[in-house]
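Please keep the model open while you read.

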Amino acid sequence: MHDPLMATYKRLPVTFVRGEGAWLWDTDGRRYLDALSGIAVCGLGHAHPAVREALCEQAGLLIHTSNLYQIAEQQALGEVLTAYSGMDRVFFANSGAEANEAAIKLARLHAHRKGVKEPGILVMEGSFHGRTLATLSATGNRKVQAGFEPLVQGFVRVPYDDMAAVETAAANRQNIAAILVEPIQGEGGINIPAAGYLPRLRALCDAHGWLLMLDEIQTGMGRTGLPFAHQHSGIQPDVMTLAKGLANGVPIGACLARGAAADVFGPGNHGSTFGGNPLACRAARTVIETLTREGLAGRAAAMGEYLLEGFRRRLEGRPEVVDIRGRGLMLGIELDRPCADLVPQGLAAGLLINVTAERVIRLLPPLILDEAQAELLLDGVADLVGTFLAGAAH
Ligand SMILES: Cc1ncc(COP(=O)(O)O)c(C=O)c1O
């Protein structure tokens, strides 16, 4: 049969038609516990009443005008988001990749204005920054790049969580303008760097006049137990990118900047037809207000600890489980073997989970997950892992 969709995704054989909180229902009326939230997107859960009401009202008022005009909802979101993040200014795009494109352009323009001719951006092995040409070039995963050469130039890659490598690059390269780094690598396997890593990157950037650009597209919006993951280290970035959880599923991306970086772009330097339109901005403003009102970042911190502890208890003594790690509701269970089969097995058991970096079970449940759902998740994943490992042994 002719498939009208390009074959870019290997999709699981299920179609969801409805959601509520942490639950999804398929076309047969079967219920699933969503421990992935559309990959860290629906932090407030599905069909959150505040988001639904805001979207319905906004759709009846105005969905789109153009950035040729003042957009009150964009201005309002800008105020709320800069206050929430401690950043000075924001550019709105439509996705994570686009938010990172804006950051890359901003870093280059900033460097050119300072007389750096061919500015380089330091990026990390194992990183993921998106699928556009510049962002896949920045991404530290050859699979994402293969076949799309020539890649965009100007990225200098070093291992993640390796200060010595960054310092060597700093000593050997004159033209570095910025570091682009995830505070916790998501697609790379829930890799949490050493406690001093971000503060040391911050100090190095300050010493060299580089911009510290944090990709918080997966880690942001309360996911790790604080509004933004870098807040666990007490530092502030010069540039931060957001998308995924920002509007609970309405496409939006944001490139925020602070200090001198906030004044780099002028008229004509960057733009987007849809970026920051009234509908998306209204959704994002509602998300931030709801996160704050319901204390969902703190809830994610507590629930994350509970899940980590629960998984450790349930999976302890299994030598095939290499590590159980996480921060807030961004959790990884690393096995000693590829385990992508757990995803369809989870689906069959009514549980939506993900496997990344081949061996890491990734859990990104909605921040509204309740205690009973947490228990289901703990038991469900522990059973899946037990059955998977028992099957592999035969
Ligand atoms: C850290 C990070 N950066 C960027 C992106 C790209 O975002 P998008 O798919 O919205 O372009 C992702 C998506 O997985 C991500 O996890």
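This is a predicted model: local features need pLDDT of at least 70, side-chain atom pairs count only at pLDDT 80 or more; totals for chains, interfaces and linings use all residues.

1. Residues are numbered from 1 along each chain as its sequence is written, and side-chain values use heavy atoms, leaving out hydrogens and water.

2. The chain has twelve helices and 15 strands; these are DSSP runs, helices (H or I) of at least four residues and strands (E) of at least two, numbered from the N terminus.

3. Along its principal axes, the C-alpha trace spans about 60 × 55 × 50 Å. Of the 394 residues, 54% count as buried (under 20% relative accessible area; exposed is over 50% and partly exposed in between, with a 1.4 Å probe and protein chains only).

4. The structure holds three aromatic pairs (Phe, Tyr or Trp rings, for Trp the six-membered one, with centres within 6.5 Å; planes under 30 degrees apart are stacked, over 60 edge-to-face, the rest tilted). One of them joins Phe16 and Tyr32 edge-to-face, at 5.2 Å centre to centre and 85° between the planes. Phe16 is in strand E1 and Tyr32 in strand E3, so this pair ties together parts 16 residues apart in sequence. Phe16 is partly exposed at 30% relative accessibility, while Tyr32 is buried at 4%.

5. Tyr160 and Tyr197 are also edge-to-face, with centres 5.5 Å apart and planes at 75°. Tyr160 sits in the loop between strand E6 and helix H7, and Tyr197 in helix H8, so parts 37 residues apart in sequence are tied together.
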